[in-house]
Amino acid sequence: YGDGQLKPSVKNHLRQVRSRIFAKLGHDWTVKEMAELAYVSPSRFHTVYRAAFGISPMDDLIHARIDTAKNRLCNSNESVNRLALELGYKNVTHFCRQFKKITGMTPVEFRKTQAE
């Protein structure tokens with residue numbers, strides 16, 4: 001894990017870790033847990049993750065959750081409440097706030113614009 005360019009093997013390992021995280025979007029992930037999957041310290045994980053993907057691990061997780069939510073809002077009738085819980089949010093208000101921050105719309109507004 002030298003600084004600068006990441007070795008292909010390190011990047012590949014991080015991609016595998018990222019896939020495992022994204023496979024369980026409903027899990028209440030912490031950077032510490034993510035780092036344990038990668039067998040590095042949380043601070044080291046944060047640094048190499050950002051170097052590999054250009055985004056912090058938590059921001060990447062949030063974006064993956066919101067992308068999944070967008071997809072499900074378009075392709076299902078499940079409630080925003082249920083969707084938030086399934087994507088790892090304990091609080092639907094927090095989910096709606098994050099969704100709006102990223103998309104510029106609330107989940108309900110987003111669903112309406114997709115249905116038009």
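Helices here are DSSP runs of H or I, at least four residues long, numbered from the N terminus. I am working on a predicted model.

**Entry 1: helix α2.** I looked up Lys32 and Glu36. Both sit in helix α2, four residues apart, about one turn of the helix. I checked accessibility next. Lys32 comes out at 52% relative accessibility, so I log Lys32 as exposed. Glu36 has 46% and counts as partly exposed.

**Entry 2: whole-structure search.** How many salt bridges does a search of the whole structure find? I get eight.

**Entry 3: Lys90 and Asp28.** This pair is a salt bridge, 2.7 Å from N to O. I then asked where the partners lie. Lys90 is in the loop between α5 (80-86) and α6 (92-103), and Asp28 is in the loop between α1 (8-22) and α2 (31-38), so the contact ties together parts 62 residues apart in sequence. Lys90 is exposed, at 67% relative accessibility. Asp28 is partly exposed, with a relative accessible area of 45%.

**Entry 4: Glu78 and Arg72.** I found a salt bridge between these side chains, at 2.9 Å, N to O. Is Glu78 buried or exposed? The cut-off for buried is under 20% relative accessible area. Glu78 has 16%, so I note Glu78 as buried. Arg72 has a relative accessible area of 23%, which means partly exposed.

Notes. Residues numbered from 1 in each chain as written. Predicted model: local features only at pLDDT ≥ 70, side-chain atom pairs only at ≥ 80, totals over all residues. Heavy atoms only, no water. Salt bridge = Lys/Arg side-chain N within 4 Å of Asp/Glu carboxyl O. Helix = DSSP H or I, 4+ residues; strand = E, 2+ residues; numbered from the N terminus. Buried < 20%, exposed > 50% of the residue type's maximum accessible area, 1.4 Å probe, protein only.
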